[in-house]
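Grab a pencil and work through these exercises with the model open beside you. Try each task before you read its solution.

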Amino acid sequence: MNATAIRKQMSIHPDVMDLLNQQVAMEMKASASYLAMASWCDQRELLNSKAFFYKQAEEEREHAMKIFTFINDNGGAALSPEVTNVNNDFESLRNVYETGLEHEIAVSESIFNIFRSARKEGDLITEVFLQWFITEQSEEEDTFRSIIDVFDLMEGMPLKMIDERLPKE
Amino acid sequence: MSREVDATYPYQIKQATFCKYELVTPNKEIHLNFPQMLELRRKVNELTTFDSLNEIINSHNFALIYVADKEHLLYLDVPQLLKLQEELAVFFHSPAEVYV
């Protein structure tokens with residue numbers, strides 16, 4: 001990495017930059033998906049869940065912006081992504097949270113992939129930058145799993161009662 | 001804006017100064033700064049994916065690319081497009097002593 005011709009213009013590896021741009025798109029898609037989930041909960045007066053997903057939507061956008069500015073700050077070209085095919089249709093509150101967990105796992109796997117790529121290319125700046133994201137993803141996955149555990153523990157209880165026992169953020 | 005037609009020579013990239021580059025085409029030399037180089041790389045990479053190349057071959061058999069903040073327009077057939085992609089890949093991955 002240190003020896004490339006473009007090193008004076010860019011601190012990160014161009015191939016890693018491409019992956020980071022894909023990650024921005026993924027985080028923005030996750031943000032839009034959480035917004036759809038928040039709306040589904042809001043329409044059904046599931047107050048804690050709606051607060052949780054509004055917050056998640058904001059957080060995912062913050063993650064995207066963190067990566068976006070990181071790319072530009074390091075001499076790369078951040079790309080504003082296209083967000084399409086957002087699902088607004090869910091079968092149950094449990095299904096909403098399970099879909100959320102699937103999103104989080106996909107995001108984690110994608111970050112691991114960039115981390116491995118950065119390590120392979122000797123892009124230490126990106127590698128260190130991504131460490132925060134790896135810790136964050138571990139926490140996010142844990143939050144979703146804990147919520148799904150509540151559904152298992154309270155199986156058969158009224159939905160409103162389950163919602164009242166879920167975290168708002 | 002100028003339009004590049006017919007190119008038999010491979011495209012070349014040269015470093016002019018610390019942050020200025022030249023894309024040598026069969027007809028002219030186009031001056032580019034680094035963000036414009038990144039944008040060119042993005043466009044060419046997008047056009048040289050398997051699906052994009054298939055689409056080009058099955059339609060008009062050429063691609064038009066705006067270069068240097070839309071100051072120039074390049075007309076490229078598939079072999080030229082692939083040569084430019086190769087040149088850009090070399091530029092972005094080659095050791096410093098080649099260009100500096």
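**Exercise 1. Find the bridge partner of Leu23(B) in strand 4 of chain B, then work out how the strands around it pair**.

Step 1. Look across from Leu23(B): its bridge partner in strand 4 of chain B is Ile30(B). Strands here are DSSP E runs of at least two residues, helices are H or I runs of at least four, and both are numbered from the N terminus. Before going on, note that this is a predicted model, where local features need pLDDT of at least 70, side-chain atom pairs count only at pLDDT 80 or more, and totals for chains, interfaces and linings use all residues. Residues are numbered from 1 along each chain as its sequence is written, and chains are lettered from A and ligands numbered from 1 in the order in which they are written.

Step 2. Strand 3 and strand 4 (residues 29-33) of chain B pair in the antiparallel sense over five bridges; pairing takes at least two bridges found by DSSP. The link between strand 3 and strand 4 of chain B is a hairpin of four residues.

Step 3. Now try the other neighbour. Strand 2 (residues 12-15) of chain B runs antiparallel to strand 3 of chain B, with four bridges joining them.

**Exercise 2. Sort strand 3 of chain B into a covered and an uncovered face**.

Step 1. In a regular strand, side chains alternate between the two faces of the sheet.

Step 2. In strand 3 (residues 20-24) of chain B, Tyr21(B) and Leu23(B) make up the covered face. Lys20(B), Glu22(B) and Val24(B) are on the uncovered one.

**Exercise 3. List the elements of chain B in order, and say which of them touch chain A**.

Step 1. Chain B has four helices and six strands, and from the N terminus they run β-β-β-β-α-α-β-β-α-α.

Step 2. Count the contacts: 16 residues of chain B meet ten residues of chain A, a contact being two C-beta atoms, placed from the backbone, within 7 Å. On the chain B side, helix 1 (34-47), helix 3 (78-93) and helix 4 (96-99) each give two or more residues. Helix 1 of chain B gives the most, with five.

Step 3. Sorted by class, that side of chain B has twelve nonpolar, two polar and two charged residues. (Nonpolar means Ala, Val, Leu, Ile, Met, Phe, Trp, Tyr, Cys and Pro; charged means Asp, Glu, Lys and Arg; the others, Gly among them, are polar.)

**Exercise 4. How do helix 1 and helix 2 of chain A pack****?**

Step 1. Helix 1 (residues 14-43) and helix 2 (residues 47-73) of chain A pack at about 165°, with axes 8 Å apart. Axes are lines fitted to C-alpha atoms over the stretch in contact, and angles run from 0 to 180 degrees between N-to-C directions.

Step 2. Helix 1 and helix 2 of chain A are therefore roughly antiparallel, the word for angles over 145 degrees.

Step 3. Their contact has 17 nonpolar, six polar and five charged residues.

**Exercise 5. Is Thr143(A) buried, exposed or partly exposed****?**

Step 1. Find Thr143(A) in helix 4 (residues 124-153) of chain A.

Step 2. Thr143(A) is partly exposed because it has 17 other C-beta atoms within 10 Å. (Buried takes 20 or more, exposed 12 or fewer, and partly exposed is in between, with C-beta atoms placed from the backbone.)

Key: Angles under 35 degrees count as roughly parallel, over 145 as roughly antiparallel, 65 to 115 as roughly perpendicular and the rest as oblique.
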